[in-house]
Amino acid sequence: MRFKKDKAFKIMQITDMQEIPAVSPDTVNLLEAAVEAEKPDLVVYTGDQIKGYGVTYKGKGRELENAVAKTIKTLLEPVIKRNIPYAVTFGNHDRQVGISNKDQFEKIYKKLGNCIGEQAEGIDGGGTCFIPIKASDGSDRDVFNLYLFDSGTDAKGGGYEPFDENIIKWYQCTRDSLKEKNGGYVPSIVFQHIPMCEYYDVLKQVSKHEKGAIRAFRAHKNEYYKLGDTCQKDDVLLEPPSIPNENTGEFDAISQCGDVMAVFVGHDHKNSFVGRYKNVDLGFTQSSGFNVYGNRVKRGVRIIVLNEDKPDTYETYTRTYDELVGTKVSRPVFDFISSKAPETVDAAIPMITKAVAVAAAVIAVIIILTKLL
């Protein structure tokens, strides 16, 4: 990867497509329109490319790999046919299809062509790598760097696995090697799927009675949040960040030397914001898939623009379905219902409890009225 002659380098982040063999035409239309409008130099897929837990992948036996490969090829076609390089990491759902991240990376993504980034040595699976962006003058100088981290999957008993400490150690070694090679720390951005625990530090805890307050769960059970003061006017928080059950120190490591400017994640489909904690920007990108819950026609992608002359800064914005394609979707009823569905098991429990309580009250009233009448 190299900065262009105009000193710019444009990255597109696509996350949480969570697609099935019958890929939604709305997902494809969004991806086609976004890539055509923005013409990125690199596309970064940050996990949950497929709905690994989906019933449509079950029972395929020996045909499973072909079915997954066909889905992924359809999703990557807007990028591949334009000969745009891409990099990939994984979310909590990709491996749930029954094919390891390593095999998906090596047997599917790598074979499709234009897939860059080699799996980090000593790290299991696929989806952890670094991608230097070199100077536009043709030299070997690394002006900027991208890290992709595989942030793990669901934890046994609920929630999400702790971030792999081996990845933290690998990052620290890579960071120091880049410093030695280039005579100083190289400005960097991290891409991963699951947000760090520190994402709650860019939010503001509020009363549950405050308009727009979002209820959190697990480590922040019964707490309510809104966007904090470092977030922007048009940023969106519609669900609580689903963080790991344990903090293994990822943020402390990446914020230690000032090389990492920002982290961008997916995972929580309706969120789209960038806030600042200490010396690092923490960003969410909304989902782009229409076969899973999301923020309706506000699904989209994120653009990050780097400047070779100002490598310690960047510009970012999102492009959404409504502005790129329109407001009509192929399955409006499904889209509406899925947008109202609980995002996680934790979110579903209070909804179910409330529904059961209402049903019990109705039954009680009917019994009382029956006896009185």
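What is the volume of the largest cavity? It comes to about 100 Å³. Keep in mind that what you're looking at is a predicted model.

## The cavities

The structure holds three cavities of 30 Å³ or more. Around the largest cavity sit 16 lining residues, and the ones closest to its centre are Phe163, Met196, Cys197, Pro244 and Glu250. Sorted by class, the lining of the largest cavity comes out as eight nonpolar, four polar and four charged residues.

Next is the second largest cavity, with about 40 Å³ of space. Its lining brings together Ser24 and Asp26 with Phe290, Val329, Ser330, Arg331, Phe334 and Asp335.

## Two helices side by side

Now for a pair of helices: H1 covers residues 25–38 and H2 covers residues 64–80. Their axes come within 9 Å and cross at roughly 15 degrees. The crossing of the two is right-handed.

## Where the helices touch

Which residues of H1 meet H2? On the H1 side they are Thr27, Val28, Leu31, Glu32 and Val35. Facing them from H2 are Thr74, Leu75, Pro78 and Val79. Taken together, the residues of this contact are six nonpolar, two polar and one charged.

Methods: Residues are numbered from 1 along each chain as its sequence is written. This is a predicted model: local features need pLDDT of at least 70, side-chain atom pairs count only at pLDDT 80 or more; totals for chains, interfaces and linings use all residues. Side-chain values use heavy atoms; hydrogens and water are left out. Axes are lines fitted to C-alpha atoms, for helices over the stretch in contact, and angles run from 0 to 180 degrees between N-to-C directions. Helices (H or I, at least four residues) and strands (E, at least two) are DSSP runs, numbered from the N terminus. A crossing is left-handed if the near helix is turned anticlockwise from the far one by less than a right angle, and right-handed if clockwise. Contact means heavy atoms within 4.5 Å. Ala, Val, Leu, Ile, Met, Phe, Trp, Tyr, Cys and Pro count as nonpolar, Asp, Glu, Lys and Arg as charged, and the others, Gly among them, as polar. On a 1 Å grid over the protein atoms alone, a cavity is a set of points where a 1.4 Å probe fits but cannot get out, and a pocket is an open set with protein on both sides within 12 Å along at least five of seven lines; lining residues have an atom within 4 Å of a point. Grid points are joined across faces, edges and corners, and a volume is the space filled by probe spheres set on the points.
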